[in-house]
Amino acid sequence: MKIGIVCYPTFGGSGVVATELGLELSKRGHDIHFITYNQPVRLELLSNNVHYHEVNVPEYPLFHYQPYELALSSKLVDMVKLHGIEIVHVHYAIPHAYAAYMAKKMLKEEGIHLPIVTTLHGTDITLVGSHPFYKPAVTFSINKSDAVTTVSQSLKEDTLRLFDIEKEINVVPNFIDLDKYNHGFTDCQRGIMAKDNEKIVTHISNLRPVKRVQDVIEVFYGIQKEVPSKLMFIGEGPEKEGIENKCKALGISDKVIFFGRSNEIDKILCFSDLFLLPSQTESFGLAALEAMASGVAVISSNTGGIPEVNIDGVSGFLSDVGDVQDMVKNAIHILTDEERLKTFKSNARREALKFDLHAIVPKYEAIYEDTLSKCLVL
Ligand code: GMT
């Protein structure tokens, strides 16, 4: 199939999943066209069946807001015609599903039918999309998609609760390329980060308020009082300055290492013992899955889709959002017994196997085939 993929090209989970999906589909013989405003961060290699088409939005002083969705829908029309793209898969409803629908209508005028598959990732539904300013357009574009998927059962339920949805929603969980996490590194250099007697605790996110990074610091503060440890903090975002100040105020700056954005999180996860994800809301928690695939136990909140990934008492522990004391207690429980830690780590890896890309990507292929066959009947 010739498949167009529209996504945010950034470090966010939706862009990562869309990129990994495109790459795997290309390995399975499909012709993949990424259409977005920058080359996706995890798209390192282009090949004869992986293409990237940049959406340019010319700056024009009259416009207070540059019309990205207009440029995207025009680019989609051009690329579909030029490359014979048969189906478009948009990741994140805003504004991708909306722009794709406009492209579909324009192409219809020329006798070309373009089916659209929309994958909802979470914040497009739970945080942004349900705002009254966006809700009618988001509802419309979901209902006008030919197929709709969510990355967890929990997100499906949120979507049905928050929007008036007429379409069937398929749950296709996020996935992981486990081969990337079979650490063959010879440079998994734990020793440069922590002393032998110290445990390594890690957090990865875009440091937005929804991630509750203040809780990450408070949980680590509680852990390091009982267990010699270091905290690896990966990511950039609006909360960074606040947490740097908090570390200083708590006197733990020397125990917290800030990495900024990284494309090599697998190398950091390979020497981590525990991953913290105390988010306010999380449709799936791809970062927790990446940690688990590296054999890292997870201490998380029990919100949204996280319980579908991190299994309480097996791969880690779940606590109510904001219950820092419970998270500290659970973390200490895991870290203070070497055998127990080993069991949680291997359980985490085993649970991650359920999300192997070889099992999940065919589900998307089946959805494309089904959608295309329904369109032929029309
Ligand atoms: O969580 C973020 O800050 C980024 C956001 C995104 O749109 O990339 O992540 C969402 O999609 C990921 C991939 O499906 C999920 O793993 C995250 O749980 C979800 N984030 C939230 O629901 C807050």
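Q: Is Lys180 buried, partly exposed or exposed?
A: Lys180 is partly exposed, because its relative accessible area is 37%, where buried means under 20%, exposed over 50% and partly exposed in between (1.4 Å probe, protein chains only). Before going on, note that this is a predicted model, in which local features need pLDDT of at least 70 and side-chain atom pairs count only at pLDDT 80 or more, while totals for chains, interfaces and linings use all residues. Residues are numbered from 1 along each chain as its sequence is written, and side-chain values use heavy atoms, with hydrogens and water left out.

Q: Where is Lys180 placed, and what is it in contact with, leaving aside neighbours within four places in sequence?
A: Lys180 sits in the loop between strand 7 (169-171) and strand 8 (199-204), with helices (H or I, at least four residues) and strands (E, at least two) being DSSP runs numbered from the N terminus. Leaving aside neighbours within four places in sequence, Lys180 is in contact with Glu20 and Asp266, contact meaning heavy atoms within 4.5 Å.

Q: Which side chain makes a polar contact with the Lys180 side chain?
A: That is the side chain of Glu20, at 2.9 Å. A polar contact is a pair of N or O atoms within 3.5 Å; within protein, one must be able to donate a hydrogen and the other to accept it, and residues adjacent in sequence count only if both atoms are side-chain atoms.

Q: Switching to Ser279, where is it, and is it buried or exposed?
A: Ser279 lies in the loop between strand 11 (274-277) and helix 10 (286-293), and it counts as buried because its relative accessibility is 0%. Its side chain is joined to that of Glu282 by a polar contact of 2.5 Å.

Q: And which residues come nearest to the ligand?
A: Of the 18 residues around the ligand, Ser14, His121, Asn206, Arg208 and Glu282 come nearest, a residue being near if one of its heavy atoms lies within 4 Å.

Q: What polar atoms lie by the ligand's oxygen atoms?
A: Among them, a polar backbone atom of Ser14 is 2.7 Å from a ligand oxygen, and a polar side-chain atom of Asn206 is 2.6 Å from an oxygen atom of the ligand. Taken alone the ligand exposes 490 Å², of which the protein buries 94%, with accessible areas coming from the Shrake-Rupley method with a 1.4 Å probe and, for residues, only the protein chains shown counting as cover.
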